[in-house]
Amino acid sequence: LAYDYIVIGGGTGGLTVANRLSQNSDKQVLVLEAGPNAENLQEVFVPGLIGAGQAFTTLNWAYPTVPQTNLNNRTLTINAGKALGGSTVINSMIFPRAEKEQYDAWGTLNNNDSSWTWNALLPYFRKSEIFTPPNEFQQANGATFDRNVHGFDEERGRVKSGFPNFFYQQWTLWRQTAMGLGFPASPDLGNGSPHAVGVAPASIDPANNTRCSAACAYYTDFADRPNFTVLTNATVIRILWAVQERESDITASGVEYIDANNETRVVNVSRGGEVIVSAGTIGTPKVLELSGVGNSSILQAAGVKPVLDLPSVGENFADHVHSWANAFTNLNITNDLLSLDPAFAEQQLNLWFENRTGLYSSASRSLGIAAPSNIFNQSEFKHILKESEEKLDYFATLLSNGNPLLARGIQAQHRLALDLYRSNKNLPLEMNLSPGYSGPTSFADRPARTYNTVHSVLYAPLSRGKTHISSSDPLMPPTIDPAYWTHPLDVAAQVGGIKLARKMLTTGPMSSVYEGEFEPGLDKVTDQDIENWLRSVVKSDTHEIGTMAMLPQELGGVVDTKLRIYGLKNVRVVDASIIPFPISAHLVSTFFHNSFRQT
Ligand SMILES: Cc1cc2nc3c(=O)[nH]c(=O)nc-3n(C[C@H](O)[C@H](O)[C@H](O)COP(=O)(O)OP(=O)(O)OC[C@H]3O[C@@H](n4cnc5c(N)ncnc54)[C@H](O)[C@@H]3O)c2cc1C
């Protein structure tokens with residue numbers, strides 16, 4: 001049997017596009033997913049067990065980075081889901097969207113392509129979801145919504161989204177504090193203007209308070225669609241190429257994979273069919289490089305015969321960087337209790353199973369996106385923008401690793417980012433409140449108390465890194481260098497975020513529940529102290545993008561605006577790796593929808 005579409009990776013982008021393509025019953029669609037179907041694990045479906053799913057090494061690729069020069073030579077871990085549903089099986093289910101102007105930047109970078117703008121994308125955002133408006137209880141706890149930016153069409157929308165059943169008191173206190181510090185109240189964090197605070201919607205089914213992963217949305221109800229075949233525990237090794245007459249005719253003929261019994265198998269793509277690579281920001285360039293598509297010198301060094309020299313594959317890697325400030329609190333109810341008191345945790349889990357209430361029914365958080373005006377003082381900001389502009393060439397060259405076209409692409413991205421920074425529209429940080437401890441210190445090494453944590457996550461990094469194979473062995477992880485914090489504006493924004501996080505913990509009404517800072521710790525006084533501490537603790541927020549960037553070829557792009565790989569006849573990429581330019585949002589809401597526009 002030959003398939004019309006072979007989708008590599010049954011994750012967020014992959015399952016969405018496979019489902020949409022298989023709506024046409026004349027087309028045979030095959031999905032090959034390396035991980036298992038994990039939908040029946042409570043660590044996956046119970047919202048309050050977020051985090052536990054990541055601990056299953058079988059569900060997490062947990063990719064190691066190379067030692068990070070700017071982070072005290074630490075090796076960081078980049079989590080990524082390894083299951084049907086991909087990263088939506090282990091992610092935090094936060095479901096808002098970014099700033100309009102940041103989506104527009106994707107179009108601008110692509111010769112002003114109007115299909116990659118907020119206005120063009122919004123109908124697809126709406127098409128992708130079945131949104132449940134907040135009920136009275138949820139509204140009383142701060143959940144708001146704007147009907148115009150959500151989807152309610154049960155026939156077409158598939159991702160269940162809405163609000164949870166348990167809200168912590170400190171979320172309200174924190175939102176009030178943030179408003180006092182200049183954050184407007186958000187009518188809806190999905191409305192394209194997230195410089196505000198509100199309660200984030202979640203990719204949750206509010207009817208039964210369970211996670212709605214990409215598998216829940218796009219596979220479970222369709223498992224018996226005859227032309228939609230999904231193989232789990234099937235790890236793709238490489239794409240196979242038809243014998244070609246001319247160099248411009250490189251055509252995928254099939255895919256080689258290792259099945260659940262460790263046997264190597266081949267599946268064929270039909271004449272006129274396509275291979276769609278959706279293995280994620282790290283998995284996708286790896287599959288392409290193993291197939292001979294990438295920088296020829298890197299491929300040869302790894303022992304792979306080049307088929308197409310495409311030097312930007314695996315480059316332009318951007319990731320969000322996570323940091324925290326936390327404090328002891330006099331509040332009794334925080335999620336620390338779930339670790340401090342096993343009997344309480346058991347009682348709460350029973351509550352979830354009995355009637356979907358209690359701490360484990362909690363999902364989304366109060367969050368807000370900070371603008372430059374929230375974190376920089378004017379003179380500091382002017383100075384750092386000026387310096388960044390003067391060094392555009394320097395950083396574009398440094399971050400493009402000897403690839404002159406990509407240097408132009410990175411320079412174009414930086415120019416746009418700096419323009420948006422100047423108009424207060426490049427929103428550099430997500431701030432959100434965890435009702436409990438979050439941070440770098442293990443449970444055993446911190447005081448057994450209750451905490452509040454303000455997260456500060458760098459969402460608009462200018463640094464760019466790379467991921468490449470260094471072996472032809474498909475089971476070896478690639479060599480990943482995100483080059484975190486190479487650009488000084490990234491460092492300054494993240495230091496500013498910690499100062500703002502501290503201020504949030506100690507300003508009323510949050511100050512009424514504050515019992516002293518734990519981290520960074522009051523001995524960290526100056527910006528330099530904070531920066532030094534951050535270098536020793538920050539972690540990946542595992543929102544990696546950009547390694548198969550949708551950019552024009554003359555800017556070092558890998559795919560065009562129809563997501564076709566330059567130089568290949570019938571191979572597209574549908575996952576977060578195509579995002580050319582980071583945005584101030586979690587990513588799933590973007591991916592559930594974009595991936596099917598090509599159908
Ligand atoms: C821990 C965590 C928390 C996050 N929290 C949020 C959040 O709260 N909100 C939000 O919007 N975003 C969040 N994100 C980000 C978001 O989930 C991802 O950006 C998004 O799911 C990526 O989609 P994707 O299609 O690019 O890749 P994925 O969904 O990761 O899919 C890639 C799939 O390809 C498979 N694969 C890889 N290699 C192969 C191979 N060789 N053969 C076969 N299959 C292969 C993988 O197993 C995986 O299933 C989080 C991510 C993580 C990891």
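Asn 233 counts as partly exposed, with 17 C-beta neighbours inside 10 Å, where a residue is called buried if 20 or more other C-beta atoms lie within 10 Å of its own, exposed if 12 or fewer, and partly exposed in between, the C-beta atoms being placed from the backbone. The structure is a predicted model, in which local features need pLDDT of at least 70 and side-chain atom pairs count only at pLDDT 80 or more, whereas totals for chains, interfaces and linings use all residues. Residues are numbered from 1 along each chain as its sequence is written. Although Asn 233 is not a glycine, its phi is positive, at about 50°, and the residue lies in the loop between strand 10 (228-231) and strand 11 (235-241); helices (H or I, at least four residues) and strands (E, at least two) are DSSP runs, numbered from the N terminus. A positive phi, near 55°, is also found at Asn 209, again a residue other than glycine. Asn 209 is placed in the loop between strand 8 (204-205) and strand 9 (210-211), and it is buried, with 24 other C-beta atoms within 10 Å.

The domain assignment of the protein chain gives domain 1 (1-109 + 211-320 + 467-483 + 542-599) and domain 2 (167-200 + 321-371 + 425-458 + 486-537), with bounds that come from an automatic or database domain assignment. The centres of the two domains, taken over C-alpha atoms, are separated by 31 Å. Across the boundary, 22 residues of domain 1 are in contact with 25 residues of domain 2, a contact being counted if the C-beta atoms of two residues, placed from the backbone, lie within 7 Å. On the side of domain 1 that touches domain 2, the residues divide into 11 nonpolar, 6 polar and 5 charged; in this division Ala, Val, Leu, Ile, Met, Phe, Trp, Tyr, Cys and Pro count as nonpolar, Asp, Glu, Lys and Arg as charged, and the others, Gly among them, as polar.

The largest nonpolar core has 164 residues, and those with the most contacts inside it are Ile 6, Val 7, Ile 8, Leu 32, Val 255, Val 275 and Val 277; such a core is a set of buried Ala, Val, Leu, Ile, Met, Phe, Trp, Tyr and Cys residues joined through C-beta atoms within 7 Å. Helix 17 (residues 488-506) gives the most to this core, with 10 residues, and the core draws at least three residues from each of domain 1 and domain 2. When residues up to four places away in sequence are not counted, Val 277 touches Ile 8, Thr 284, Val 287, Leu 288, Val 571 and Val 573.

Individual helices were then considered. Helix 1 (residues 12-21) is mostly covered, with 9 of its 10 residues buried, including Thr 12, Gly 13, Gly 14 and Leu 21. In helix 15 (residues 392-399), the buried residues are Phe 395, Ala 396 and Leu 399. These residues lie on the same side of helix 15, because they cover an arc of only 100° around the axis, the arc being that of the directions from the helix axis to the C-beta atoms. Asp 393 and Tyr 394, on the other side of helix 15, are exposed, whereas the buried residues of helix 15 pack against helix 16 (404-422). Helix 15 is followed by Asn 401, whose phi is positive, near 50°.

Two cis peptide bonds were also examined. One joins Gly 508 and Pro 509, with omega about 0°, and Pro 509 is placed in the loop between helix 17 and strand 22 (514-519). Another joins Glu 519 and Pro 520, with omega about 5°, and Pro 520 is in the loop between strand 22 and helix 18 (527-537).

Under "active site", an unreviewed UniProt entry lists His 543 and His 586; UniProt positions are given in the numbering used here, feature names are shortened, and annotations may be inferred rather than shown by experiment. His 543 lies in the loop between strand 23 (539-540) and strand 24 (571-573) and is buried, with 26 other C-beta atoms within 10 Å. For "domain: Glucose-methanol-choline oxidoreductase N-terminal", the unreviewed UniProt entry lists residues 81-104 and 280-294. Residues 81-104 are 21% helix and 0% strand, with end C-alpha atoms 29 Å apart, whereas residues 280-294 are 73% helix and 13% strand, with end C-alpha atoms 16 Å apart.
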